[in-house]
Amino acid sequence: MCTSCQLPQVEESATDAFGERLLGVINNGALSLMISIGHRTGLFDAMAGQPALGSPQIAELAGLNERYVREWLGAMVTGRIVTYDPDASTYHLPDAHAACLTREAAPNNMAAFAQYVPLLGSVEDRVAECFERGGGVPYSEFGRFQSVMAEDSGQTVLPALLEEILPLAPGLVARLEEGIEVLDVGFGMGKALLLMAERFPRSRFTGYEISREGVLSAQAAAAANGIENVRFVLQDAAGFDDHEAYDLICTFDAVHDQADPAALLRNIHRALRPDGVYLMQDIDTHSDVGGNLDHPVGTLLYTISCMHCMTVSLAAGGAGLGAAWGVELATTMLEEAGFQDVTIERLPHDVQNAYFIVRKEDRDPV
């Protein structure tokens, strides 16, 4: 018993139950790391649809080192991801599990999201220091974050962009087909812009991004696919000064981690034409944590926020809104930026995001 801290007496059964829960949390945290490895190395893809096989056959299928594959399989078996036949020493990935773990399963591939665990773990020391001294960890410290985010949005946003997201704004698709000016602020790897530019050849597309890697990657993809109605510009999102130049402005998961999100929203308001549309996709949470108790990925969102979204903003002396800034604060900030018409839409397949359809003026004034 701790005699110095004099902890209050608690029910032993409650302590035991909580201890078991924590043990499960630690085991599942380790399992998340191994799931990420399985995704990155293609092991789940190699095992999907295969009969029970030994570790040498699985390693050969995936083109990987057998000793590492065998140890990884140990984690998969004890984690109840893969089944094991001890008599034949063979492993099998059930079809029901493959439906949540392979690239072909997108948008239901949960293994892609497991990559956040090791990625954020790589900056744990730096973030822990910030708890003591304040400040943040700059974006440059997150080696794979942009590619992981691109894969994340590639499962949730991109497949729905043309058929479900753009039609949320009435008449927008018709205008894109006729030909309008479009801006995407903070475009990441440029996949959404490239998809729209290819689909709507009469419209002209511009992207602003602070990451040189993102700009170069997007430019290379445009050139490789012969897409000429799009340009990518190295530009701080809070620093552009366009005046009524665009009919559609988009931000995909790009506002809450800005150093100065209020300035970004004001810039977007100024750059949007009077009859234009601002489409903002961002995280669907409430601004108060009490409203997020039943959010299906609430813990993951707050963790990503603490370990990335909030800290990269604070590293630049910013507001540090965090990923869970919430629809209430988002709506208030849009109104403070000058927007008068804000509609929030959601899609059945997407539990993570809210889609804000925003206009300068109220279309239905009372």
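Tyr116, Phe142 and Phe145 come together as one aromatic cluster. In this kind of search, the rings of Phe, Tyr and Trp (for Trp, the six-membered ring) pair up if their centres lie within 6.5 Å; planes under 30 degrees apart count as stacked, over 60 as edge-to-face, and the rest as tilted. Going through the whole structure this way turns up 7 aromatic pairs. One of them joins Phe142 and Phe145, with 6.1 Å from centre to centre and 75 degrees between the planes, which makes the pair edge-to-face. Phe142 counts as buried, at 4% relative accessibility, and Phe145 is buried with a relative accessible area of 4%. Here, buried means under 20% relative accessible area, exposed means over 50%, and partly exposed is what lies in between (1.4 Å probe, protein chains only).

A word on where these values come from: the model is predicted, local features need pLDDT of at least 70, side-chain atom pairs count only at pLDDT 80 or more, and totals for chains, interfaces and linings use all residues. Residues are numbered from 1 along each chain as its sequence is written, and side-chain values use heavy atoms, with hydrogens and water left out.

Next comes the nonpolar core, meaning a set of buried Ala, Val, Leu, Ile, Met, Phe, Trp, Tyr and Cys residues joined through side-chain atoms within 4.5 Å. The largest one holds 34 residues, and Leu176, Phe205, Val230, Phe232 and Leu248 touch the most other members. Several elements each supply at least two residues of this core, among them helix 9 (158-165), helix 10 (172-178), strand 5 (230-234) and strand 7 (272-283). Helix 11 gives the most, with 5 residues. Helices (H or I, at least four residues) and strands (E, at least two) are DSSP runs, numbered from the N terminus.

What does Leu248 touch, leaving aside its neighbours within four places in sequence? With contact taken as heavy atoms within 4.5 Å, the partners of Leu248 include Leu172, Leu176, Ile180, Leu272 and Leu279, and Glu181 is on the list as well. There is also a second, separate core of 25 residues, which includes Tyr246, Val255, Phe356 and Val358.

Asn267 sits in helix 13 (residues 261-271). Is Asn267 buried or exposed? With a relative accessible area of 7%, Asn267 is buried. Not counting residues up to four places away in sequence, Asn267 touches Ala237, Ala238, Gly239, Phe240 and Asp242.

Phe113 is placed in the loop between helix 5 and helix 6, and Phe113 is buried, with a relative accessible area of 14%. Beyond its neighbours within four places in sequence, Phe113 is in contact with Asp152, Gln155, Thr156 and Gln352. Pro107 belongs to the loop between helix 5 (95-98) and helix 6 (116-121). A cis peptide bond links Ala106 to Pro107, with omega at about 15 degrees.

Arg80 is not a glycine, yet it has a positive phi of about 60 degrees. Arg80 lies in the loop between helix 4 (66-78) and strand 1 (83-85), and Arg80 is exposed, with a relative accessible area of 65%. Ser89, also a residue other than glycine, has a positive phi near 55 degrees. Its place is in the loop between strand 1 and strand 2 (90-92), where Ser89 is partly exposed at a relative accessible area of 38%.
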